[in-house]
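Dear colleague,

Please find below the structure that I promised to hand over to you. My notes on what was found in it follow directly after.

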There are 2 protein chains.
Amino acid sequence: MKPYNELSKEELRKLREELLADYEDAKKKGLKLDMSRGKPSPVQLDLAKDMLDTISSDSDINTENGFDCRNYGLMDGIPEAKRLIAEMMGVSADNVIVFGNASLPIMYDTVSRAMTHGVLGSTPWCKLDKVKFLCPVPGYDRHFAITEHFGIEMIHIPMLSTGPDMDMVEELVSKDAAVKGIWCVPKYSNPQGITYSEETVRRMAALKPAAEDFRIYWDNAYAVHHLYDDKQDEIPEMLSECEKAGNPDIVFEFCSTSKISYAGSGMAAMIASKANLEYIRQALTIQTIGHDKVNQLRHVRYFKNYDGIKAHMKKHAAVMRPKFEAVVATLEEELGGLEIGAWTKPRGGYFISFDAMEGCAKAIVAKCKEAGVVLTGAGATFPYGHDPKDSNIRIAPSYPSAKEMEMATELFVLCVKLVSVEKLLENK
Amino acid sequence: MKPYNELSKEELRKLREELLADYEDAKKKGLKLDMSRGKPSPVQLDLAKDMLDTISSDSDINTENGFDCRNYGLMDGIPEAKRLIAEMMGVSADNVIVFGNASLPIMYDTVSRAMTHGVLGSTPWCKLDKVKFLCPVPGYDRHFAITEHFGIEMIHIPMLSTGPDMDMVEELVSKDAAVKGIWCVPKYSNPQGITYSEETVRRMAALKPAAEDFRIYWDNAYAVHHLYDDKQDEIPEMLSECEKAGNPDIVFEFCSTSKISYAGSGMAAMIASKANLEYIRQALTIQTIGHDKVNQLRHVRYFKNYDGIKAHMKKHAAVMRPKFEAVVATLEEELGGLEIGAWTKPRGGYFISFDAMEGCAKAIVAKCKEAGVVLTGAGATFPYGHDPKDSNIRIAPSYPSAKEMEMATELFVLCVKLVSVEKLLENK
């Protein structure tokens with residue numbers, strides 16, 4: 001099929017009639033599918049079903065250094081949990097604090113603490129006139145929600161195939177002391193599934209910020225979330241890169257087992273220099289007497305070590321891969337050559353990113369919703385929920401079954417076609 | 001024995017010699033006991049041992065409204081957990097948000113949120129020149145640590161046998177708009193074990209604050225933590241008292257199962273008006289995708305309902321009561337009539353409060369430590385760790401065994417005597 005923009009007005013009108021008829025048929029199917037969030041499917045949660053059996057009433061409930069996990073204490077995590085996270089993330093256990101059930105609250109707290117207490121002794125941000133964050137776009141809506149919540153100005157940084165546009169990042173970070181942070185999902189990024197190139201990681205680690213309290217908020221959420229055994233993206237370990245670049249304190253790294261064990265009952269951690277962690281511990285002492293150590297122990301007993309996690313992630317990949325491939329195959333088959341959209345083919349993570357023709361994303365999402373398929377709101381991948389081109393749509397294939405995913409994607413491509421034709425007709 | 005202050009210098013000197021000899025003997029015993037924190041003993045933790053068996057791989061892992069507890073969502077708690085907390089606290093489930101494993105982080109977050117976002121739409125406290133909290137003293141060191149951490153000025157309010165001095169509270173709250181809160185442990189208070197009188201509760205609920213964002217931080221930590229079946233303190237349910245007084249939004253109530261199930265892996269909740277909770281939910285949406293719902297389900301399946309909790313608390317009482325009674329008996333036997341100290345006889349909670357002669361608390365705690373018994377630091381029960389009279393000492397009988405508790409208390413009374421004699425000699 002030739003590109004839509006080469007079709008005549010007449011051809012487009014005829015096409016619209018056909019697509020509208022198909023769309024009416026599709027609506028009659030009464031679909032009710034949710035592709036809006038990066039939520040693991042029940043099948044994935046069941047992969048770790050046996051984790052619930054690892055700690056029972058007859059288990060040894062003590063940590064390896066003899067603390068009863070059920071009691072208060074060990075505010076920064078049990079040693080074996082620190083070690084498990086450290087192994088998985090390629091760092092030393094001394095650079096790890098294990099927190100509660102998810103990493104989002106750690107990121108929120110980290111920004112909140114900076115607002116009220118500064119970063120490693122800097123002026124609290126709430127005392128400053130202006131605080132800015134760099135936001136590679138499209139990006140993760142919950143990151144942007146945190147910075148928006150705290151009144152932090154967000155600056156768009158275009159994502160390239162190698163990661164954020166580092167020329168722009170270097171320029172802004174080195175010249176503007178109000179720039180206090182950058183949100184990064186360095187591996188299998190949300191939503192594009194882009195993995196930062198080695199050069200991007202090294203340039204990021206070597207930034208020369210104007211602000212002493214500038215930090216890279218390195219949300220390594222998909223560090224081990226590959227889709228393939230053979231084609232796996234890797235990035236240099238960030239903390240050591242920062243050390244090598246003479247910037248040991250510049251990064252706060254976040255990770256969790258939310259998409260390894262359970263989304264709601266995982267184990268989350270922060271990785272940073274000892275100086276940063278010492279400062280954070282001072283506040284943590286006020287904030288908590290300790291996170292849930294029984295759940296930490298449960299994780300360690302179940303996964304045992306990084307090899308255990310890797311083996312487990314292969315099972316996740318086996319569930320996720322067919323869904324990703326089904327989406328991409330349908331996109332290619334149905335939209336290939338039409339020049340009405342572009343999409344990514346990630347090798348890991350939780351999302352596929354789709355760029356519609358300018359001004360079409362909202363309409364496509366609305367059309368899908370009308371026919372029973374909920375997508376992430378158009379614009380959500382941009383700060384303030386505003387995509388200036390109204391083009392980007394995040395597809396989250398994890399929750400529906402492969403069969404459902406196929407039906408949902410068929411509807412999606414139909415809506416893309418229909419909205420695109422209407423947009424082209426408008427401009428004819 | 002007659003009061004120490006009626007002894008002659010000669011008698012005191014002789015007594016000091018005897019006490020010193022006893023103290024040297026005591027040191028040789030090589031005690032190593034910790035009475036510093038309100039930490040449940042292993043025996044208490046074992047009472048809920050079987051809770052770990054309530055959720056296993058073959059359990060139904062869905063909430064009563066069909067949500068998989070292992071997945072994201074239900075940010076403000078699973079319905080059955082809200083109901084359990086509501087039953088226990090005598091409120092409606094609509095007034096409950098269930099959070100994570102402990103209540104301290106909820107209190108921290110509540111103050112932190114007020115700093116950055118105000119309370120129910122008020123000016124963020126970080127934008128104000130001065131924020132003050134009323135602190136009934138002696139009180140809970142971790143409350144004071146939170147307010148100190150955020151630079152909030154703390155004003156001492158004397159604790160009477162009926163609770164905080166309400167004349168003073170009413171005066172300060174109604175006249176000073178910088179007064180934004182009061183820390184309260186209304187039942188079996190920390191450290192005195194005082195339960196607020198009905199009049200105190202009603203006057204508290206009926207406060208007419210100068211500041212719209214004034215809140216009562218009602219830490220009902222020991223709501224069901226009675227020592228006796230027959231002699232139980234009760235207070236009117238606070239939220240409904242506030243409603244009745246026309247102050248529905250004036251209270252934030254906190255509670256947890258930390259000292260019911262597990263200190264480190266409990267379930268904590270906040271109770272407040274729907275307006276307050278709605279405002280907090282807006283921030284929570286940014287902060288978390290949900291707390292650990294599997295652990296919430298574990299609690300509900302184990303305790304089932306409030307009757308289950310009450311039955312369980314009787315088992316705790318059976319463990320705690322002998323320790324409390326041993327401490328009080330030793331204090332009465334050894335110090336009765338000497339007029340060198342006063343102590344409380346709580347009917348619940350986790351602490352006994354001891355008031356030494358002025359200027360003696362630090363020395364007593366140091367003497368105990370030298371002989372192997374760690375007490376809460378003297379002054380800890382006051383804001384900034386400073387007890388103006390250097391008199392109050394918090395005794396936490398929960399963690400040591402009854403036998404250990406006896407040895408520790410014997411050492412304690414010996415140190416009280418010794419330090420008191422030395423103080424009296426100084427002044428002769």
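The buried residues of helix α7 of chain A pack against β5 (163–164), α6 (166–175), β6 (179–184), β7 (215–219) and α8 (238–244) of chain A, where contact means heavy atoms within 4.5 Å. Helix α7 itself covers residues 198–205 of chain A, and its buried residues are A:T200, A:V201, A:M204 and A:A205. Here buried means under 20% relative accessible area, exposed means over 50%, and partly exposed lies in between, with a 1.4 Å probe and protein chains only. Seen down the axis of α7 in chain A, the buried residues fall within an arc of 130°, so they line one face of the helix; the arc is that of the directions from the helix axis to the C-beta atoms. Helices (H or I, at least four residues) and strands (E, at least two) are DSSP runs, numbered from the N terminus.

Before you read further, please note that this is a predicted model, in which local features need pLDDT of at least 70 and side-chain atom pairs count only at pLDDT 80 or more, while totals for chains, interfaces and linings use all residues. Residues are numbered from 1 along each chain as its sequence is written, chains are lettered from A and ligands numbered from 1 in the order in which they are written, and side-chain values use heavy atoms, with hydrogens and water left out.

As to the two copies, chain B can be laid on chain A with an RMSD of 0.0 Å by a turn of 180° and a shift of 0.0 Å along the axis, the superposition being by least squares on the C-alpha atoms of residues with pLDDT of at least 70 in both. The two copies are thus related as by a two-fold rotation axis. The same surface serves both copies, since 100% of the contact residues of chain B recur in chain A. Of the residues of chain B, B:C126 comes closest to the rotation axis, with its C-alpha at 3.3 Å.

Turning to charged pairs, there are 58 salt bridges over all chains, each being a side-chain nitrogen of Lys or Arg within 4 Å of a carboxyl oxygen of Asp or Glu. One of them joins A:E153 and A:K130, at 2.7 Å from N to O. This pair links distant parts of the chain, 23 residues apart, with A:E153 in strand β4 (residues 153–160) and A:K130 in the loop between α4 (104–117) and β3 (132–137) of chain A. A:E153 is partly exposed at 27% relative accessibility, and A:K130 is also partly exposed, at 43%.

Another salt bridge, at 3.1 Å from N to O, is made by A:R281 and A:E278, which are three residues apart in helix α9 (residues 274–287) of chain A and therefore separated by about one helical turn. A:R281 is buried at 17% relative accessibility, whereas A:E278 is partly exposed at 43%.

Finally, the count of disulfides over all chains comes to zero, a disulfide being a pair of cysteine sulfur atoms within 2.5 Å. The sulfur of A:C184 is 9.8 Å from the closest cysteine sulfur, in A:C135, which is too far for a bond, and A:C184 is buried at 0% relative accessibility. In chain B, the sulfur of B:C360 is 12 Å from the closest cysteine sulfur, in B:C415, again too far for a bond.

With kind regards
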